[in-house]
Amino acid sequence: MWKEHLGHRTEILIREHEVFPIEEHSHAFFELAYVVEGTGHFRSYGPDGQCHETRYGARELFLIPPDRVHCFVIATRSRYVFLRFTEGYAADRLGVYAEHALRSVGASLRIPFREGDEALMDGQMALIAGEAERTGGYADFLLQQWLDCVIALVARNVPDAGGADGRMADREVELLQYVRSNIRFPERLRVEALCRVFRLSPNYLGRYFRTHFQESLQHYIARTRMAESERLVAETELSIKEIACRMGYTDASYLVKRFRAAYGCSPALYRRRLQAADHPCQNCD
């Protein structure tokens with residue numbers, strides 16, 4: 001059974017087929033498959049090996065978790081938007097509850113949207129499809145923001161994904177958003193600064209974060225800073241020194257040390273490997 005891997009943390013594909021080119025397979029990542037137009041069947045196999053087959057039509061979306069065997073069987077020519085992201089991406093961007101929700105998807109993998117959210121999803125997918133072919137002009141930034149919006153919409157529409165305890169209160173969402181928005185400014189993420197913004201005592205802040213997000217505040221900050229550093233290594237031509245400066249690391253050597261611990265190689269080697277994967281024939285004679 002073929003298992004597909006992802007070279008980057010996220011990937012957006014727009015595809016149109018009369019016959020789907022891939023038979024039953026699985027992924028090492030999450031995939032959101034949105035049907036723009038067309039009809040057919042979506043087949044998947046649960047962890048117990050049981051087969052589930054669902055008819056699909058336009059404006060339907062399937063959430064495919066890692067390691068779930070699946071395939072599309074096309075009846076009429078179909079156009080899709082595929083949004084792919086690695087394990088941990090949703091937790092990094094939206095919090096652990098979001099990733100927990102994604103893993104709680106039902107057996108059919110089809111997402112049934114509540115009233116109002118279906119129109120929001122259609123709008124987000126139209127924006128993504130229109131922007132995906134562009135380069136520059138903040139296209140990457142816009143696509144990442146819209147991808148995060150799509151994941152958030154999916155997470156809150158997964159049936160029984162944790163009930164009331166699985167939904168974040170406004171202050172919890174604001175805390176995660178504040179950390180991500182200020183990840184390049186270490187002074188704004190110190191305990192005393194966060195306590196002033198969110199009106200929490202220094203002794204309570206750490207317990208509050210661990211209770212709601214199942215990890216320490218400092219670990220989340222470090223993961224988020226490293227994830228953004230990886231994105232800059234993968235998607236920009238900034239030097240490692242420039243990335244270290246931009247992300248608030250003390251110097252480039254410290255960034256290299258932390259990057260090597262997280263990804264198993266230096267940032268420079270990581271970038272070269274991604275470039276080789278994107279252009280496999282550059283070194284061919």
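**Basis of the entries.** I note that this is a predicted model, in which local features need pLDDT of at least 70 and side-chain atom pairs count only at pLDDT 80 or more, while totals for chains, interfaces and linings use all residues. I number residues from 1 along each chain as its sequence is written, and the side-chain values use heavy atoms, with hydrogens and water left out.

**Salt bridges.** I took a salt bridge to be a side-chain nitrogen of Lys or Arg within 4 Å of a carboxyl oxygen of Asp or Glu, and by this rule I recorded a count of 19 salt bridges.

I then followed Glu31 to its partner and found a salt bridge with Arg84, in which the closest N and O atoms are 2.8 Å apart. Glu31 lies in strand β4 (residues 30-45) and Arg84 in strand β7, so this pair ties together parts that are 53 residues apart in sequence; helices (H or I, at least four residues) and strands (E, at least two) are DSSP runs, numbered from the N terminus. Arg84, at 6% relative accessibility, also counts as buried.

Next I looked up Arg79, whose side chain meets that of Glu16 in a salt bridge at 3.5 Å, N to O. This pair links distant parts of the chain, with Arg79 in strand β7 (residues 70-85) and Glu16 in strand β2 (residues 10-17), 63 residues apart. I found Arg79 partly exposed at 27% relative accessibility and Glu16 partly exposed with a relative accessible area of 32%. I also noted that a network of salt bridges links Glu16, Glu18, Arg77 and Arg79.

Arg231 counts as buried at 18% relative accessibility, whereas Glu235, at 38%, counts as partly exposed.

**Backbone angles.** Lastly I checked Arg59, which has a positive phi of about 70° although it is not a glycine; Arg59 is found in the loop between β5 (51-56) and β6 (61-64) and is partly exposed at 43% relative accessibility. Arg199, likewise not a glycine, has a positive phi of about 55°, sits in the loop between α6 (191-198) and α7 (202-213), and counts as exposed at 76% relative accessibility.

Notes: Buried means under 20% relative accessible area, exposed over 50%, partly exposed in between (1.4 Å probe, protein chains only).
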